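Please look over the sequence and the model first.

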Amino acid sequence: MTNTSGPIILGIEGTAWNLSAAIVDYNDVITETTATYSPPTGGIHPREASQHHADHIGSVITKVFLEADGKGINPSDIDAVAFSQGPGLGPCLRTVATAARALSLSLDIPLIGVNHCIAHIEVGRWKTDAVDPVVLYVSGANSQVLAYRKGRYRVFGETLDIGIGNALDKFARGAGLLHPGGPRIEELAKGATSYIHLPYVVKGMDFSFTGMSTAASNALQSSLLEDVCYSLQENAFAMLVEVTERAVAHTGKDEVLLAGGVGANMRLQEMLKIMCRERGIKFYAPERRFMGDNGTMIAYLGLIMYQHHTFTSISQSHAWPNYRPDDTPVTWRQD
Amino acid sequence: MFLSMGAEATIELRDGMVIKKRLPKGYRLEALDNLIRRDRTRTEARLTSESRRNGVPTPIIYDIEDFDITMEYIEGPKIKDIITPRLSSDVGAVVGKLHTANIIHGDLTTSNMILHNGRIYLIDFGLAYYDNSVEAQGVDIHVLFQTYESTHNDHEELISAFSQAYRQTFSGADAVLERVTQIERRGRYA
């Protein structure tokens with residue numbers, strides 16, 4: 001055994017395209033292994049993605065145990081297995097839940113089903129100095145503004161239709177760009193020379209992206225791809241930042257935390273930084289590896305839930321595709 | 001006197017009048033920022049007055065300039081801080097009147113409602129627009145119910161008090177409340 005302290009948790013993430021397993025203790029990530037599904041053409045096909053996860057879960061778990069073994073940690077040292085129970089693609093969630101149940105039974109350790117959105121938030125609080133932030137969580141399928149209040153992470157604003165990542169991907173596919181579209185749009189936007197007006201849809205604390213995405217696709221008939229990419233980013237991110245700022249004003253909190261894969265976009269980070277500076281509040285973003293989907297965040301949320309004796313019985317461990325963050329009592333935070 | 005700094009504007013009290021200034025946002029592209037601020041300032045002035053003419057308590061508008069509005073000062077607590085099922089029922093009646101007049105508020109939160117002389121005043125019409133569709137009215141109420149859920153503990157009681165009064169003042173209420181449940185499911189990952 002190395003000088004690890006407290007419980008050691010194995011976590012498995014696999015809600016969509018990324019299959020990832022990690023072992024963590026309270027100090028840090030001990031080891032993490034990832035197998036990423038990348039579609040040959042088009043977007044993520046749920047069945048293909050789950051088939052990918054089923055093909056790779058054995059080797060991912062084997063590798064994570066081998067690497068842990070190199071650091072003096074045996075499978076018998078693991079205190080619990082955590083898995084992403086939802087939200088996500090049903091077939092992918094079922095594959096991961098099955099693997100987690102099998103490990104829980106064979107190692108005879110508790111099972112902890114965790115909410116994927118909350119895992120993003122908690123890994124951000126772990127890996128930055130954020131204490132009680134308003135969270136902008138942006139990924140392929142999810143776009144939400146959340147904050148903690150009285151025992152829950154409350155959703156203050158969210159998309160009325162699709163997630164920002166999916167909106168970007170959809171546009172990118174139409175424009176002939178490869179999946180995932182976000183990073184390619186970010187790159188192309190740097191070569192833009194003018195802004196094209198697109199629908200800016202903020203309704204109270206909510207936003208909507210489908211109309212904007214369609215308008216951007218149509219704009220390609222008369223404008224340069226670079227200009228459309230640039231305008232799409234400027235427009236969409238301004239909507240997200242505006243709602244984040246509204247939640248800050250509404251809750252009176254003085255921190256903003258960015259989470260989710262789209263958080264890797266540097267222009268989005270820059271815009272949030274400017275907003276926070278203008279309001280005199282703090283901005284936090286964890287390093288890139290903790291922003292996209294990763295096994296570490298699942299293991300870490302499992303760790304805090306383990307410390308607060310929040311477990312999942314086998315009969316409650318079903319895949320939960322539309323599992324909302326506000327469905328979960330936050331047992332580990334005090335008001 | 002400086003009253004508050006909201007998310008998008010500062011509110012100043014001068015000679016008994018409120019001056020609302022929409023400040024530039026550094027994170028937004030200037031062209032987009034000016035467009036949004038000018039559009040919302042105009043919309044707010046126009047629809048605040050139009051709602052008032054339809055029996056919805058709102059401040060009187062005195063003047064409007066590029067990004068600034070001068071209006072009547074409505075003194076009183078925000079509904080956010082004092083909400084009860086009784087008040088939620090009053091909110092339902094006010095929103096019912098608004099929707100009867102084919103106006104969508106666009107940002108119905110309990111921070112945008114003030115209790116003054118026993119009446120609920122609606123403010124902040126910057127995101128308002130004309131629409132009589134069930135979808136637009138449904139989203140309007142969805143936004144309000146979200147504030148109830150995120151900010152108030154007894155939200156189920158508040159929602160039922162609201163719905164009852166909304167049904168009494170607005171003839172299209174049943175279809176709208178039905179749509180609200182569909183809207184909730186739509187944005188939710190599944």
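## Contact between the chains

Two residues are taken to be in contact if their C-beta atoms, placed from the backbone, lie within 7 Å. The model is predicted. On that basis, the contact draws 33 residues from chain A and 25 residues from chain B.

On the side of chain A that touches chain B, at least two residues each come from strand E8 (152-158), strand E9 (202-203), helix H7 (225-251) and helix H8 (266-279) of chain A. H7(A) gives the most, with eight residues. By type, the residues of this side of chain A are 16 nonpolar, six polar and eleven charged.

## Chain A as a whole

Chain A contains nine helices and twelve strands. A compact globule of 335 residues would have a radius of gyration near 20 Å, and chain A agrees with this at 20 Å. Along the principal axes, its C-alpha atoms fill a box of roughly 60 × 45 × 35 Å.

Of the 335 residues in chain A, 58% count as buried. Among contacts in chain A between residues at least 6 apart in sequence, 77% link residues at least 24 apart.

## A five-stranded sheet

Chain A has an open sheet of five strands in the order E8-E7-E6-E11-E12, with mixed pairing. E8 and strand E12 (282-284) of chain A are at the edges with a single partner strand each, so one side of each has no neighbour in the sheet. Neighbouring strands are turned by 25° against each other on average, direction ignored.

Strand E6 (residues 134-138) and strand E11 (residues 255-259) of chain A run parallel and are joined by four bridges. A:Leu136 has A:Leu258 in E11(A) as its bridge partner. H7(A) lies across E6, strand E7 (143-149), E8 and E11 of chain A, at about 155° to E6(A).

Key. Residues are numbered from 1 along each chain as its sequence is written. Chains are lettered from A and ligands numbered from 1 in the order in which they are written. This is a predicted model: local features need pLDDT of at least 70, side-chain atom pairs count only at pLDDT 80 or more; totals for chains, interfaces and linings use all residues. Ala, Val, Leu, Ile, Met, Phe, Trp, Tyr, Cys and Pro count as nonpolar, Asp, Glu, Lys and Arg as charged, and the others, Gly among them, as polar. The radius of gyration is taken over C-alpha atoms; the globule rule is 2.2 Å times the number of residues to the power 0.38. A residue is buried if 20 or more other C-beta atoms lie within 10 Å of its own, exposed if 12 or fewer, and partly exposed in between; C-beta atoms are placed from the backbone. Two strands pair if DSSP finds at least two bridges between them. Axes are lines fitted to C-alpha atoms, for helices over the stretch in contact, and angles run from 0 to 180 degrees between N-to-C directions.
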